Amino acid sequence: MNKWWKNRVVYQIYPISFCDSNGDGFGDIKGIISKIDYLKDLGVGAIWLNPIYDSPNDDMGYDIRDYRKVQNMFGSIEDLKLLIHELHKVDIKLIMDLVVNHTSDEHKWFVESSKSKENPFHDYYIWVDGIAEERPNSLASFFTPSAWTYNDEIKQWYLHLFSEKQPDLNWENEKVREQVYSIINFWFDLGIDGFRMDVINLIAKNLKFDSISIDSDTKFDEKQFANQPKLHIYLEELREKCFNGRDNYCIGETPFANEDDIKKLVLSKKELDMIFQFDFLEADTGLKKWDYQELDLIKFKETLAKWQNIFAEKNSVFWSNHDQSRPVSRYGNVSNKVFWEKSAKMLAVAMHFLRGTSYIFQGEELGMTNYLTMTKDDLFDIESIEYYKTLKTDDEKEKGLKAILKRGRENARSPIHWTSGLNAGFTTAVPWARVNNNYLDINAQDQLLNDGSVLSFYKKIIYLKSNDSLLIDGEFELLRAKDKKVFAYSRTLGNTQYLIYCNFTNENLLLKDEEIKNCELILSNYNELSWALRPYESLVLKKVLF
Ligand code: ISL
């Protein structure tokens, strides 16, 4: 059966930075409603909305205080209903974020849970007896040196894989699972079309916590909590309790999942419709996120090609999201205007002509870039702030800020550039986060009027990706596998083939005769065809096979 997400391009909205309708400096739901014409004109078929639930925002909404309430700064549940209605009127689906690996420590379950061991909510979280001087083990969290925080009142430690304000839920407890299913059904009944499930493969933990002395260094060890056997039991149950009889979809965020895990999740067992995993985004990274390196294009291509072949139309294809820095700054070239424009367009073709559902993060369609500068006072994301705290010497701090400028989540979360006016048209008040200084050069208003803009190019790509059966169903094959500078591949359906060539460098490169013979030009980011591949050129050629 054809699923609705197969030929729709999904656009991710980070609501706090999208559009402020009431002049308080924060983006909101009414701001999104005011941009539905823009989204329709862009051609996207679904929106993924980052969390809009009530939250103290220790991790920008990924710490939920009330799953059934909309956070005041975003508006009300009535606004959300209106958003669903208005989106559906123009045939755009709405996918929300489901964050159920953890809650906020201000959620009433955790408040109750912390009161005493006898409290009915105590087992909603993962508590271990102990003394304040000795943590249960040396596990580090994603954000903090230790994944454990002590509660002096009840003399127990609780587990948090993220910040200490994000305690992990205990999925072993049937009541927790029932609560989660009821939340999912609440939102489905309200009319949303699906969920992006935050770190869903971390919900089942290995609960054998051996005591390790506090003296030992903490270390991050995903084997303790990712892809555990019970994950599949929980997801099967979730599917049965929430998805039966519904045409809703779910995409799981599954960091650290290996090929076998993923095959189980989306192919053999169909617990999830699709997943986000990130190994192809690690081809420019050392051991840690902050160790950025030059892109190893061969590694990047090999990784992507592997997934293309395993998952076919079930691939999720994306460059970025609210956790990644801006692709044109990371993989393209922002050293001058020409290279910026060419490389933003080239990257669009390279990724979105791949097989699978395309996800575009807000601002990507404008070629928005990373911040141009970053000082200690500019940091506003918990991950960067916690990382910066670990840096000791001046030299480490200087290098650390460079790494954050390159990789920090701040870069994706800056306000969208709508116009060349005050605060880039995002708000009339002081914006909650710094507007990137390059909004006079990069903004939607100018690009909408320009046929040659990055935005106009994205519109073409989104149209083709949603309508051209070759791009939807065509088989993928990697070409020039050992080429360090060009990402080339073909998509083939019946006797028609697209050949895609993307130059990741600022050099002129050779195209061989046999690569372009008998081809018709479908799309290029240069005005006229030349038989060389120019700096950051992307070329889509069509060939009829005999
Ligand atoms: O952000 C990351 C790297 O910069 C990832 O390691 C990220 O923390 C991980 O993929 C999980 O992300 C999700 O859950 C987090 C939240 O902070 C992220 O924004 C969210 O996408 C905790 O809920």
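How many residues line the largest pocket, and which of them lie nearest its centre? The lining is made up of 48 residues, and F142, F220, K288, K289 and E383 are those nearest the centre. The model described here is predicted, so that local features need a pLDDT of at least 70 and side-chain atom pairs count only at pLDDT 80 or more, while totals for chains, interfaces and linings use all residues. Residues are numbered from 1 along each chain as its sequence is written, and side-chain values use heavy atoms, with hydrogens and water left out.

**The largest pocket**

On a 1 Å grid over the protein atoms alone, a pocket is an open set of points with protein on both sides within 12 Å along at least five of seven lines, whereas a cavity is a set of points where a 1.4 Å probe fits but cannot get out; lining residues have an atom within 4 Å of a point. A volume is the space filled by probe spheres set on the points, which are joined across faces, edges and corners. Helix α11, residues 382-389, gives the most to its lining, with four residues; helices (H or I, at least four residues) and strands (E, at least two) are DSSP runs numbered from the N terminus. The lining of the largest pocket has 18 charged, 16 nonpolar and 14 polar residues, where Asp, Glu, Lys and Arg count as charged, Ala, Val, Leu, Ile, Met, Phe, Trp, Tyr, Cys and Pro as nonpolar, and the others, Gly among them, as polar.

**The ligand**

Around the ligand there are 16 residues, and D59, D198, K289, H322 and D323 come nearest; a residue is near a molecule if one of its heavy atoms lies within 4 Å of it. The table lists polar contacts, each a pair of N or O atoms within 3.5 Å.

| Side chain | Ligand atom | Distance |
|---|---|---|
| H102 | oxygen | 2.9 Å |
| H322 | oxygen | 2.9 Å |
| E383 | oxygen | 3.0 Å |

A search of the whole structure finds four cavities of 30 Å³ or more. The largest cavity has a volume of about 130 Å³, and of the 14 residues that line it, I275, Q277, W307, N315 and S316 are the closest to its centre. Helix α8 (297-311) and strand β12 (316-318) are the elements that give two or more residues to this lining, and the largest share, four residues, comes from α8. By class, the lining of the largest cavity divides into nine nonpolar, four polar and one charged.

The second largest cavity has a volume of about 70 Å³, and its lining includes W319, P327, L347 and Y458. Both α9 (327-330) and α10 (337-352) supply at least two residues of that lining, which divides into seven nonpolar, two polar and one charged.

**Two open sheets**

Strands of a sheet pair through backbone hydrogen bonds, either parallel or antiparallel. Two strands are taken as paired here if DSSP finds at least two bridges between them.

An open sheet of five strands runs in the order β14-β15-β16-β20-β18, with antiparallel pairing. Because β14 (475-479) and β18 (519-524) stand at its edges with a single partner strand each, one side of each is left without a neighbour in the sheet. Strand β14 pairs with β15 (residues 486-493) over five bridges in the antiparallel sense, and L478 stands opposite Y489 in β15.

Another open sheet has three strands in the order β6-β8-β7, again with antiparallel pairing. Its edge strands are β6 (127-129) and β7 (148-151), each of which pairs on one side only. Between β6 and β8 (residues 156-159) the antiparallel pairing extends over three bridges, and D129 stands opposite Q156 in β8.

Methods
A polar contact is a pair of N or O atoms within 3.5 Å; within protein, one must be able to donate a hydrogen and the other to accept it, and residues adjacent in sequence count only if both atoms are side-chain atoms.
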